[in-house]
Amino acid sequence: MTDTTDATVGAGAPERVGVLGGGRMGAGIAHAFVLAGSQVVVVERDADAAHAADERVRASLAKSVERGWAEPLDDLTGRIRVATDVSAFADADLVIEAVPEDEALKAEALARVEAVLHDRAALASNTSSISIGRLAAALERPARFLGLHFFNPVPASTLVEIVLGDDTDPRLANDARAWVEAIGKAPVTVHDAPGFASSRLGVAIGLEAIRMVEEGVASPGDIDLAMELGYKHPTGPLRTTDIVGLDVRLGIAEQLHRELGPRFEPPALLRQMVAEGRLGKKSGRGFYDWT
């Protein structure tokens with residue numbers, strides 16, 4: 001896959017960016033802003049997790065240099081640091097929350113971060129399906145809050161979904177588009193709705209593909225090939241599910257099922273595979289063997 005952040009990026013990225021959570025998504029977001037010239041701090045829950053996040057981002061930056069990124073690796077890594085307390089975000093212009101997709105966890109994390117930010121700072125959630133309005137309800141400054149939904153893997157993805165809540169300041173929406181373009185990605189703007197645009201459509205296709213496997217309609221490989229060749233999808237829905245993670249897809253499906261009804265009810269096969277630990281690429285097995 002192409003590393004889209006290895007393209008030339010323009011001006012407009014925030015000078016100081018914070019990322020709460022240094023897992024695969026958080027590290028990818030940090031990587032994108034470092035390449036765009038931002039000073040980035042990643043905050044994790046403890047020293048071990050912070051060290052792992054630091055190594056994750058540095059390894060990702062090293063790959064960019066190997067692929068021809070013009071700046072020396074030392075210059076890039078000089079713009080990234082890790083910490084274990086949200087007070088490290090005190091001077092940030094933008095903080096992006098990238099903790100697991102759990103509404104209570106995100107709401108608590110966002111409120112904790114907001115408490116240390118200066119009044120002009122923007123706060124964003126990388127949620128893929130949780131209502132921006134509900135998350136904003138726990139905040140003191142909802143006008144400075146929005147969704148910035150990055151896609152996995154972040155370095156190879158060209159899309160960022162900007163999700164606007166009812167209280168989001170329109171000027172912040174304009175700033176967000178400039179930030180996304182500055183890191184070499186394409187913004188799409190959607191208003192707060194269950195699953196937004198991308199998750200709602202992507203999960204609908206993915207769940208139907210899983211039902212087809214469940215019913216013996218075709219093999220995972222043939223279902224994916226039908227979508228790749230027939231509809232020009234770069235990756236079929238089942239391979240995409242493996243890349244995203246079956247547990248992640250199940251969590252989004254359950255959220256959409258609660259909000260939009262039975263058409264998003266997770267297939268029994270998806271629940272079974274998650275229970276068995278077949279989570280896709282990250283576990284080595286899903287609909288495909290990744291070992």
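Colleague: By the rule used here, how many cavities of 30 Å³ or more does the count give?

Modeller: The count comes to 1 cavity. The rule works on a 1 Å grid over the protein atoms alone: a cavity is a set of points where a 1.4 Å probe fits but cannot get out. Grid points are joined across faces, edges and corners, and the volume is the space filled by probe spheres set on the points. This is a predicted model, where local features need pLDDT of at least 70, side-chain atom pairs count only at pLDDT 80 or more, and totals for chains, interfaces and linings use all residues. Residues are numbered from 1 along each chain as its sequence is written, and side-chain values use heavy atoms, with hydrogens and water left out.

Colleague: What volume does the largest cavity have, and which residues line it?

Modeller: About 40 Å³. A lining residue has an atom within 4 Å of a point. Glu-114, Leu-117, Ala-121, Ala-122, Leu-123, Arg-141, Arg-144 and Phe-145 form the lining.

Colleague: How is that lining divided by class?

Modeller: It has 5 nonpolar, no polar and 3 charged residues. Ala, Val, Leu, Ile, Met, Phe, Trp, Tyr, Cys and Pro count as nonpolar, Asp, Glu, Lys and Arg as charged, and the others, Gly among them, as polar.

Colleague: Why is Gln-255 called buried?

Modeller: Buried means under 20% relative accessible area, exposed over 50%, and partly exposed in between, with a 1.4 Å probe and protein chains only. Gln-255 has 8%, so it is buried. It lies in helix α10, residues 246-260. Helices here are DSSP runs of H or I with at least four residues, strands are E runs of at least two, and numbering starts at the N terminus.

Colleague: What does Gln-255 contact beyond its neighbours within four places in sequence?

Modeller: Glu-103, Ser-129, Ile-130 and Arg-134. Contact means heavy atoms within 4.5 Å.

Colleague: How do you know whether the span of α10 agrees with expectation?

Modeller: The expected span is 1.5 Å times one less than the number of residues. For the 15 residues of α10 that should be 21 Å, and the end C-alpha atoms are 20 Å apart, so the values agree. Just after α10, Gly-261 takes a positive phi of about 100°.

Colleague: What covers the buried residues of α10?

Modeller: The cover includes α4 (103-114), α5 (132-136), α7, α9 and α11. Among the buried residues of α10 are Leu-246, Ile-252 and Leu-260.

Colleague: How does α7 compare with its expected span?

Modeller: Helix α7, residues 198-214, has 17 residues and reaches 24 Å from its first C-alpha to its last, close to the 24 Å expected. Gly-216 follows, with a positive phi near 75°.

Colleague: What makes Ile-243 buried?

Modeller: A relative accessible area of 18%, so Ile-243 falls under the limit. Ile-243 belongs to helix α9. Ile-243 and Lys-281 are 38 residues apart in sequence, and their C-alpha atoms are 5.5 Å apart in space. Not counting residues up to four places away, Ile-243 also touches others, including Asn-152 and Pro-153.

Colleague: What makes a set of residues a nonpolar core?

Modeller: The members are buried Ala, Val, Leu, Ile, Met, Phe, Trp, Tyr and Cys residues, joined through side-chain atoms within 4.5 Å. The largest core has 37 residues, of which Phe-33, Val-40, Leu-148 and Phe-150 touch the most other members. Helix α1 (residues 24-35) gives the most to this core, with 8 residues. A second, separate core of 26 residues includes Val-41, Ala-107, Leu-110 and Val-190.

Note on methods
1 Å grid on protein atoms, 1.4 Å probe; cavity = no way out; pocket = protein on both sides within 12 Å on 5 of 7 lines; lining within 4 Å.
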